[in-house]
Amino acid sequence: MKKYNHLYFWIVVICFFGGILLAQQFLKQQGSDLIPGAGGNFTLQADQGPVALSDFKGKVVALYFGYMSCPDICPTSLWNLSAAMNSLTREQAEQVQGLFISVDPERDSPYALNLFVKGFFDSFLGLTGLKSEIDKIARQYGVIYEKVPLPDSAMGYVIDHTSVIYLIDQQGVLQYYLPHNTDPESIKNDLLKLLEE
Amino acid sequence: MKKLIACLFLMAPMPILADVAAVITIEDPFARAAIQQQRNSAAFMKLGNKGADAAIVYAKSPVADIVELHTHVNDQGVMRMRKIERIELPAQQTVTLKPGGLHVMLLGLNQDLKVGQTIEVTLGFSDSSEKTIEVPVKMVQRPMMKGHGKNHDKKQMMTH
Ligand SMILES: [Cu+2]
């Protein structure tokens, strides 16, 4: 009986320290800004029909949240991503799926979104859905967005939002968090790291 | 006599007080390309003021239904775009309208803005003088280190 107690003790000890080591490895990989456990599957509407993150298992996914009326922040991010995609070989680029989630479903239809994103890169997909669905995904990924009325502007309202490119690996696990205005070369390098894994 | 001298002193600066439009210099203007369903865009530029304090109080362009003056505030990673009444141009200073900051917002584009094209933008100043400029349309992105395009950024190139 005593012998077994010892065994249990060591199992507990090994699991505990092993867990800490694994957690450290995990956090190192993610970078400081990523909330541990962030990410996960979702399903939204594209012009072609419903699209789920899990549809792209085996590919690297670059995910961005924004809206089409955004004159500056969103297009810059999409151009940065498309420049990174254009600097990959065709075979590599085929292994990467760019997704743009509109946080402005009132103004951005799946049809318009599709044309919009294809203007940046052929294979990009534009997604949107009900506000409740988008809210849930935003929470999953740590996206902050907020509809703000601008009564003095012809825009009527704007959507304040974080501007981050999320890189998700072939297993659907969120790996990188690229802050606003990350240059195409850095995006490319992070994509290559995931593609080479 | 004293009054006359005082008057002369007060009037002395008058002849140099030209139109604001005449003392504002504009460098590197560009507008963001807008294609495929994008009905909004923005114009950016560097404004120098060789005169007294002034401001841009409105803008207009034949390619947009409405043109507004906007700024962006980066509030801990949350981008907040807001309309502003004027863009201040302090005396003898340079003010830069740039992506992620102050911009001339083009709303309701009546045409695609394609790279290589030039659009007309008119700035209205605080003394109601105006200046119309030709603004080239560009694709705005951070330059690549190897830079296939025209965007060669030295600092970026050197890190390679
Ligand atoms: Cu704006």
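**Interface of chain A and chain B**

I looked for salt bridges first, taking a side-chain nitrogen of Lys or Arg within 4 Å of a carboxyl oxygen of Asp or Glu. The rule finds four across the interface of chain A and chain B. I noted the salt bridge between the side chains of R80(B) and D160(A), at 2.8 Å, N to O.

This is a predicted model: local features need pLDDT of at least 70, side-chain atom pairs count only at pLDDT 80 or more, and totals for chains, interfaces and linings use all residues. Residues are numbered from 1 along each chain as its sequence is written, chains are lettered from A and ligands numbered from 1 in the order written, and side-chain values use heavy atoms, without hydrogens and water.

I then took contacts (heavy atoms within 4.5 Å). Chain A brings 37 residues to the interface and chain B brings 38 residues. For buried area I used the accessible area (1.4 Å probe) that two parts lose on being put together, summed over both. Between the chains that is about 3,100 Å², with 61% from carbon and sulfur atoms. On the chain A side, P71(A), W79(A) and E185(A) lose the most area to chain B, together 21% of what that side buries.

**Copper ion**

I listed donors as N, O and S atoms within 2.8 Å of the metal (3.2 Å for Na, K and Ca); water is not among the atoms, so sites may look incomplete. The protein donors are H70(B) by ND1, M81(B) by SD, H103(B) by NE2 and M105(B) by SD, at 2.1 to 2.4 Å from the copper ion. The four donor atoms make angles of 99 to 119 degrees, and the site is tetrahedral (four donors, all angles between 85 and 135 degrees).

Strands are DSSP runs of E, at least two residues; helices are runs of H or I, at least four; both are numbered from the N terminus. H70(B) sits in strand β4 (residues 64-75) and H103(B) in strand β8 (residues 103-109), so the pair ties together parts 33 residues apart in sequence. Both H70(B) and H103(B) are buried (under 20% relative accessible area, 1.4 Å probe, protein chains only).

**Cores**

I defined a nonpolar core as buried Ala, Val, Leu, Ile, Met, Phe, Trp, Tyr and Cys residues joined through side-chain atoms within 4.5 Å. The largest has 68 residues; Y141(A) and L191(A) are among those with the most contacts inside it. Helix α2(A) gives the most to this core, seven residues.

I checked M85(A) in helix α2 (residues 73-86) of chain A. M85(A) is buried, at 1% relative accessible area. Beyond four places in sequence, its contacts include F121(A), F124(A) and L191(A).

Technical notes: Buried < 20%, exposed > 50% of the residue type's maximum accessible area, 1.4 Å probe, protein only. Tetrahedral: all angles 85-135°; square planar, octahedral: opposite > 155°, others 65-115°.
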